[in-house]
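Me: I would like a close look at a single part of this model, namely the place where the two chains meet. Please take it slowly and keep the answer connected.

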Amino acid sequence: MTWPAHRDAIAQGRYLRVINYHNTPASSRLTLRRQLNSYREAFSPVGLTDLDNFYATGRWGTGRPGFLPVFYEGYRNSYDIAAAVCDELDITGWFAVCTGFVDCPVPEQEFFARSHWIDLVDEEKTGDRIAMSWPEIADLSARHVVYPHTASHDGIADVVSDEDLYREVVEPKTRMDAMTGQSAPAFAWLHGSPWGSSPRHDAAVAAAGYRYVFSNTMIHRIAK
Amino acid sequence: MFLALVDERQEAVPPAPDSESIWNAAILDRLDHYRSVLGPSRRDDDLGAMASVLAVTAYEDFDRMASR
């Protein structure tokens, strides 16, 4: 199913260019700006309304599939550096946030990162806050797209019990929606597992109220 | 990389194909090329292989657009 599904979608113009970023430390700012500016010159950035409209009409406002940068994990520098660069270039950033990282007390954030597959660089290891804060997430949501990437940076295989599902799928949206005043539109598992990997996990994601699942090779529209 | 847009909703009506088929055809040619390089059929259900093909094809597409 994998090859035909992807090929058919692309043949019919149902695709996007997605650039996945993780850590964007201050030392990478110039490089990040050059990269995003290059994409900006070649392709149009895609916001949530553009994506919703495409699924409704089959058309892009610009006439062609555009690009969408995703910044994973909820690093503080996603706000300080990546979002600032996106703002400068008038690009919509898509921020996939591990809400447990955000909720972790500052003195324990480095430990949380090390034990949850969140990579750090030396310039972050100062003991200062390295995760985004909830006010920063709320601020981002006003002009970018923010959505949960589980609470604990977990994959499907790590989420077993009903309590796990609530903690990693349901509660991150509840928390984020309360902070942003919006409905977080998307969800992404660690490792980018696609919709269809597990009926039980799919059901939990749908019941939580998400309408997109971002996987490694697809964006799945799962609800209105 | 390229991400395919799929609609999992039961009631969904697939959107009409994009009119920029010339661009889609160029991308498909490269996808088919890399599929053949990796070895067709055995790799068709391998998401890792699929991600690699979509990534390298997107890099090429970007380079082509950036050089125009």
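In which sense, parallel or antiparallel, do E7(A) and strand E1 (residues 2-7) of chain B pair, and over how many bridges?

Reply: The model is a predicted one, and within it E7(A) and strand E1 of chain B, residues 2-7, pair in the parallel sense, with four bridges between them. One of the residue pairs can be named: Arg221(A) has Asp7(B) in E1(B) as its bridge partner.

This pairing belongs to an open sheet of eight strands with mixed pairing, whose order is E4(A)-E3(A)-E2(A)-E1(A)-E1(B)-E7(A)-E6(A)-E5(A), so that E1(B) stands between E1(A) and E7(A) in that order. The sheet ends at strand E4 (145-148) and strand E5 (186-187) of chain A, the edge strands, each of which pairs on one side only. At the E4(A) end, strand E3 of chain A, residues 94-97, pairs with E4(A) in the parallel sense over four bridges, and there Phe95(A) has Val146(A) as its bridge partner in E4(A).

Turning to the contact between the chains as a whole, 33 residues of chain A and 30 residues of chain B take part. On the side of chain A that touches chain B, the elements that give two or more residues are helix H1 (2-11), strand E1 (15-21), helix H2 (29-42), helix H3 (48-57) and strand E7 (218-221). The largest share of that side comes from H1(A), with eight residues. Sorted by class, the side of chain A that touches chain B holds 17 nonpolar, 11 polar and five charged residues.

Definitions and conventions: Residues are numbered from 1 along each chain as its sequence is written. Chains are lettered from A and ligands numbered from 1 in the order in which they are written. This is a predicted model: local features need pLDDT of at least 70, side-chain atom pairs count only at pLDDT 80 or more; totals for chains, interfaces and linings use all residues. Two residues are in contact if their C-beta atoms, placed from the backbone, lie within 7 Å. Ala, Val, Leu, Ile, Met, Phe, Trp, Tyr, Cys and Pro count as nonpolar, Asp, Glu, Lys and Arg as charged, and the others, Gly among them, as polar. Two strands pair if DSSP finds at least two bridges between them.
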